[in-house]
Amino acid sequence: MGFYGTLKLIFYKMKRKLDHGPDGRTFPSGKKHCKGNGPLGPSSLVQATPTTFGDLRLANGHSAQRRRVTSGPPPTGLQDWLHTFQMWSGPERLLALDELIDRCETSQVKHMMQVIEPQFQRDFISLLPKELALYVLTFLPPRDLMQAAQTCRYWRILAEDNLLWREKCREEGISECESSRRRRCGTAVGPWKSAYIRQHRIETNWRQGDSGEPMVLKGHDDHVITCLQFSGDLIVSGSDDNTLKVWSAISGKCLRTLTGHTGGVWCSQMSVATVISGSTDRTLRVWDAESGECVHTLYGHTSTVRCMHLHGNWVVSGSRDTTLRVWDVSTGRCEHVLTGHVAAVRCVQFDGRRVVSGGYDFMVKVWDPDTEVCLHTLQGHTNRVYSLQFDGVFVVSGSLDTSIRVWDAETGNCVHTLTGHQSLTSGMELRDNVLVSGNADSTVRVWDVRTGRCLHTLQGPNKHQSAVTCLQFCRGLVLSSSDDGTVKLWDLRTGAWLRDVVALQSRGSGGVVWRIRASDTRLVCAAGSRNGTEETKLLVLDFDVDDKKTETD
């Protein structure tokens, strides 16, 4: 069905709804009807109904005397022929017309079409009251609305309505409009339409690759970037060179270097401008990223701080000393010590109520941090636990034993064992019961944690060629980085590979993407190599680039 056919169908549905209400019944007496002989009353519609083609022309505002064919004098007997036609009944006229058309040449049929077709093309949108016209347009998808705006000046006024575009933004989950009006093609674009266009442009740039050349940020020499955080316009990278660096995501400049650790930085967390880092020097440090000041140094662990998770004003750290510690970020005090693991703690999650930890002792533990009591010890893995996810309901653990286990956080029972990976699950993300796991077997898998079913295995001809190092959800997409020197983009819903967002020149010969972090509009990648084939650097891609195309592209 074409564009105009869609409008006609929508108009029919709208008219039926206006006449009979949404459930098919007539409106109750409280509703106002178009009555009597008013401009929209039924009698006026009946009176205006054309009975002949000439009446239709007059109803559409055309002259009764249209331009006639001037190929010569009229044939003899034309008037008698027409009189005979008028004397026939309706069905007889239809039969006669069928016979006549069968006897016409192509040029004659074309002439009839040129005369008849324009008379049935009516701009019903302009004939409707503005409120009803806007109601009709609410049924159109945004792309068709933009096409409608090109029809004529009045349609453009309707199709630019700000409240209409606010509804389109609501349907797409866009909650914030553009604060200032943008000018495109010499016309003012309303804030809600501007917001929709911007989000559509960003989505297109993510999926199709229009982000321009990435900014390249260098500063850790040839050291490994071990951790990466991204908040607002600030990027913070930690390295085994004992430092963290704060970068501007806008200019790409290194704003400051955070020095103080006497060992390599292995983990970090960030909230707004507060950064917490953990090091092989057995301490945590709390930094103000805006000023570069070290606000607190947190002492207590007796070995490398290997992992941490920040929630609100509390951070939980896990160490090779087998303990976890709960810290108050604002005061720098250690409030609780959780003991029970018998080997290094490798991963930790904290939702503000429960702490979940995984260790090299093959165990996953669920803690009440306030009482320092281990509520559950989740046993089942047969090798080290390297990754965790916790959403308050499910605990998901990934292990070197190749399996992923889904646990009930309240009972401690193993709900599902997810099998299919062939090696270490190094990273996972869990959102709305959908789990994405990255593995050293070079694949990424998408799971439903409620059923334990593998929805997609992200592989195929364009799959990673080496271990997956990091992954992240973003805008209904999955980003995955790898030792093969690429960052790949996948469609979460279909599992389809979309494109390689980053592909290092040294990929396949030593180039590695160690870490990735993404917002709705930017991607930050930490890259380098272990053999000197690629410089250590950060790559920043901005997908909120202004295009120079019109709003209708």
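Patches are made of residues with over 30% relative accessible area and no salt bridge, with nonpolar side chains (Val, Leu, Ile, Met, Phe, Trp, Tyr) joined within 5 Å. Accessible areas come from the Shrake-Rupley method with a 1.4 Å probe, and for residues only the protein chains shown count as cover. A salt bridge is a side-chain nitrogen of Lys or Arg within 4 Å of a carboxyl oxygen of Asp or Glu.

The model is predicted: local features need pLDDT of at least 70, side-chain atom pairs count only at pLDDT 80 or more, and totals for chains, interfaces and linings use all residues. Residues are numbered from 1 along each chain as its sequence is written, and side-chain values use heavy atoms, with hydrogens and water left out.

**Exercise 1.** Find the residues and helices that make the nonpolar surface patch.

*Solution.*
- Step 1: Trp81, Leu82, Leu94, Leu97, Leu100 and Ile101 form a patch of about 540 Å².
- Step 2: Helix 4 (78-87) and helix 5 (90-103) each give two or more residues; helices are DSSP runs of H or I, at least four residues, numbered from the N terminus.
- Step 3: Helix 5 supplies the largest share, 4 residues.

**Exercise 2.** Classify Trp81 as buried, partly exposed or exposed.

*Solution.*
- Step 1: Trp81 lies in helix 4.
- Step 2: Buried means under 20% relative accessible area, exposed over 50%, and partly exposed in between.
- Step 3: Trp81 has 49% relative accessibility, so this residue is partly exposed.

**Exercise 3.** State how far Glu176 is from Trp192 in sequence and in space.

*Solution.*
- Step 1: The two are 16 residues apart in sequence.
- Step 2: From C-alpha to C-alpha, Glu176 and Trp192 are 8.0 Å apart.

Key: Patch = residues over 30% accessible without salt bridge, like charges linked within 9 Å, V, L, I, M, F, W, Y side chains within 5 Å. Buried < 20%, exposed > 50% of the residue type's maximum accessible area, 1.4 Å probe, protein only.
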